[in-house]
Amino acid sequence: MKKFLFSLAAGLMLGHTFVSDAAAEYPEKPITMVVVYGAGGSGDTTIRAIADYAQRTTGATVIVENRAGGGGTIGVSYLSRAAPDGYTLGLVSTSPFTVTPYFKSVTYDPLTEFTYLGQYTVSPAPVIVLADSPFKTMEELVAFGQANPGKLRWATGSPRGTNHIATEAALRQNNIKSQFVPFKGGAKAMTALLAGDIEFAVVTDFGPALKNKQVRLLAESGPNKIKGHPDIRTYKELGYDLTLPIFLGVGAPAGIPDEAVKFWEKVLHGISTDPGFADVLSKYLTPQSYLDSKSFTDRIHTGYVNTGETLKELGLLDK
Amino acid sequence: MEVFDSVMLGFSTALTPTNLLFCFIGVFTGTVIGVLPGLGPTATMSLLIPVTFHMDTTGAIIMLAGIYYGAMYGGSITSILVNIPGEAASVITCIDGHQVAKNGRAGPALGISAFGSLFAGVATVLGIVIIGPPLAQVALEFGPPENFSLIVFGLILVVFISTGSKLRSLMSALVGIVLSTVGLDIVSGEERFTFGLPYFLDGIHIIVLAMGLFGIGEVLSEAERRQSNVDVIAKPKNTSELLPTKEDWKASYGPIGRGTLLGFFFGLLPGSGAMVASFGSYVLEKKISKTPERFGHGAIEGVAGPESANNAGAQASFVPLLNLGIPSGAVMGVVMGVLMIHGVAPGPLLYIEQPQLFWGVVISMLIGNVMLVILNVPLIGIFVRLLSVPASILSPMILIICIIGSYSLNNNIHDVVAMLIAGLCGYLMKKALLDPAPLIVAFVLGQMLESSLHSGLAIGYGNPSVFFTRPISAILLACAAIVIISSASGGFIQRRLLKRLDSS
């Protein structure tokens, strides 16, 4: 109870409760973590859990701020313009850093304008159908799409996001002309699926619906197996060219001080073995997957370049 | 019997000392942030997400629910007193609420708003208890095509919400629709009306627009008026004038009842919730009123309806979340996140596996609403005294509240600039006798109109017949057609009737 009242007070005062008094040692003032999506989703919840962990273990004050919009690009563009002093960090996710820049003019460069501090998870983004759907396998879905041009209706949480592009590529590879239904937000896509208005959806926040047996999994659009579902094949196993991992990590503007990089690498490494955090992640069926600053930077840089090449090969880019 | 058991389970869960405390913390926090413009329920609840890590699931949801419907109470206070909406669902209350206050009757307006909300809150809980979880299915019946037709119907009624000429209100509504298209096109990703400014990529925020049009617009006209008439707001003479009169009650029964029904219904639909419910209620009351010309000049019905609707809507929106796993908007998205952190998967099984969570939260709303009335009604006297503050002090205060409020939305200075520009426009619109009400309603509906048209068409394989072949959608479009035909031919039928009466 005491703990609760304390955190309530801390929360309401935006975390301005106390500032570490150790002089000239990072962090000497509150740190802001920018979430480039709205509150309540997996990216937001996990960043808040990390902020909570950092406050508990280091005594630093961490404030979480949502700057949603434009499929994450508005928040990322804000992050790129922030002072590189290590006091403004942000959520790093697949779409705005490796996919969206190919489809929309953005004001940042994923290759040069950011310091990537570490990755903490890779989320699944499966192809889901209603529990009573006639489609039992991905092959049946593909066969229906091929036999009925324009009749296969599907949706994702954000048009031209990673899930949309990867699956569009897979459908084209199978010569399917499909009907993509645009929705703003995964919740609306889920609603349309449950109402039977679309045939399938590709979303990350599918955990509750699966647990409630409302939906069934047909395939995983990323390269990794879904934890606890070894029989569900990935796009890679199905032979599709574009398989994009939905990673989540932490980043900052390029050129932040070394001590800030070390501080956050330590926090992210620490949380990667924290059972409480594993528990938070397991709610989204996503495993702990830690990468340090260097490996995460490599992943994003090569991911960004390779995605561009694959998109060109598949004829998905008009540039 | 099953209903009785559920209710008893709900009471035994909600009445534990800790849950009572969480309920109180929730409704109190909700009232406070409802009063503060800018800091809405979504922002507050997300700030509290880490706090809920250490709480029991039911207690956490009871607290978050309290914040949401508590904000519905608090939001009306600033709308009525100073013409600044405390949060989005109280935007429409500004229109008549503040006029009522100007007539020296702020107390009754606050009272009706509090008691209307209480009635709506209690009735909503009863509705959930009686009809129960199957209610959530309504959310699935309303797909994008149905939403599209509902909005078309709503937009047609919007033209009738203004008191002035139909042409002027149509103009105002069209400006609202144009403003709603600012930002990224959801289908093509193209930038529209952004003038190359990144600020506009995500569109204009409703609170920024409303605070400017109503709050700042008011300050500017006040500054002008002061030269001719120093004491603009009439003060209540004695305490008996602080409470609603018999006439107020008589005028409000209907709007409260209809507002509750409407709020209940909209709360169940995905993507609309409390805000659209309050707008809908205002439009409806104005349309069916025998004296629509009073609206905009201090009709108490314009407070009673929307304020009941937003409370009912806030509470009802928990039903599709807890029973289908469908969050109807940003606020429910946060609640869903908290549930997931606690390992609770909202959906059809939640009600069966964790009935104490579902019924505990529902019954806590009953208790929370009573707490809110006890908390709010004694404060009416104090709130009303705020109006005795001379305009020379109150106006700068409003200006500061609007600036802080718009800044605190996203910690973005551009929101402040946009809000001030909207304020200037609000003032000029007043000068040009253009009513800002149709603008703000059309602005909200316009965004939903476009996205539901896009996704509705896609669901119908690109064929517009989908809007006419799905029964609910077809009925709504027929209603819209009837309204247009009846008002266009209204004069004609009237003349025919008069002729017949003359001849007989």
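Tutor: Two strands are said to pair if DSSP finds at least two bridges between them. One of the residues concerned is A:Val127, whose bridge partner in β8(A) is A:Val202. Please keep in mind throughout that this is a predicted model.

This pair belongs to an open sheet of 5 strands in chain A, ordered β7-β6-β8-β5-β9. The pairing in the sheet is mixed. In general, the strands of a sheet pair through backbone hydrogen bonds, in either a parallel or an antiparallel manner. Which strands stand at the edges? They are β7 (179-180) and β9 (215-220) of chain A. Each has a single partner strand, so one side of each is left without a neighbour in the sheet.

The domain assignment of chain A gives domain 1 (2-123 + 245-313) and domain 2 (126-221). The centres of these two domains, taken over C-alpha atoms, are separated by 29 Å. Where they meet, 13 residues of domain 1 of chain A are in contact with 8 residues of domain 2 of chain A. On the domain 1 side, helix α4 (residues 94-99) of chain A gives the most, with 3 residues. By class, that side has 5 nonpolar, 7 polar and 1 charged residues.

A:Arg160 is found in the loop between β6 (153-156) and α6 (162-173) of chain A. This residue is not a glycine, yet it has a positive phi of about 65 degrees. Is A:Arg160 buried or exposed? A residue counts as buried if 20 or more other C-beta atoms lie within 10 Å of its own. A:Arg160 has 22 such atoms, and it is therefore buried.

A:Arg160 also leads us to another residue. Leaving aside residues up to four places away in sequence, A:Phe103 touches A:Arg160 and B:Gly189. A:Phe103 has its place in the loop between α4 and β4 (114-123) of chain A. With 21 C-beta neighbours inside 10 Å, A:Phe103 likewise counts as buried. From A:Phe103 to A:Gly276 there are 173 residues in sequence and 38 Å in space, C-alpha to C-alpha.

The contact between the chains takes 47 residues from chain B and 52 residues from chain A. On the chain B side, the elements that give two or more residues are α3 (41-47), α4 (49-52), α8 (137-141), α16 (330-341), α17 (348-353) and α22 (436-459) of chain B. The largest share, 7 residues, comes from α16(B). By class, this side has 30 nonpolar, 16 polar and 1 charged residues.

Finally, consider chain B as a whole. It has 24 helices and 2 strands. A compact globule of 504 residues would have a radius of gyration near 23 Å; chain B has 23 Å, which agrees. Its C-alpha atoms fill a box of roughly 65 × 65 × 60 Å along the principal axes. Of the 504 residues in chain B, 58% are buried. Among its contacts with a separation of 6 or more, 80% join residues 24 or more positions apart.

Chain B is divided into domain 1 (2-230 + 248-469) and domain 2 (478-504). The C-alpha centres of these domains lie 36 Å apart. The contact between them takes 4 residues from domain 1 of chain B and 4 residues from domain 2 of chain B. The domain 1 side of that contact has 4 nonpolar, no polar and no charged residues.

B:Leu433, in the loop between α21 (413-431) and α22 of chain B, is not a glycine but has a positive phi of about 60 degrees. However, B:Leu433 is exposed, with 9 other C-beta atoms within 10 Å, whereas A:Arg160 is buried.

Key:
Residues numbered from 1 in each chain as written. Chains lettered and ligands numbered in written order. Predicted model: local features only at pLDDT ≥ 70, side-chain atom pairs only at ≥ 80, totals over all residues. Domains from an automatic or database assignment. Contact = placed C-beta atoms within 7 Å. Nonpolar A, V, L, I, M, F, W, Y, C, P; charged D, E, K, R; others polar. Helix = DSSP H or I, 4+ residues; strand = E, 2+ residues; numbered from the N terminus. Buried ≥ 20, exposed ≤ 12 C-beta atoms within 10 Å, placed from the backbone. Rg over C-alpha atoms; globule rule 2.2 N^0.38 Å.
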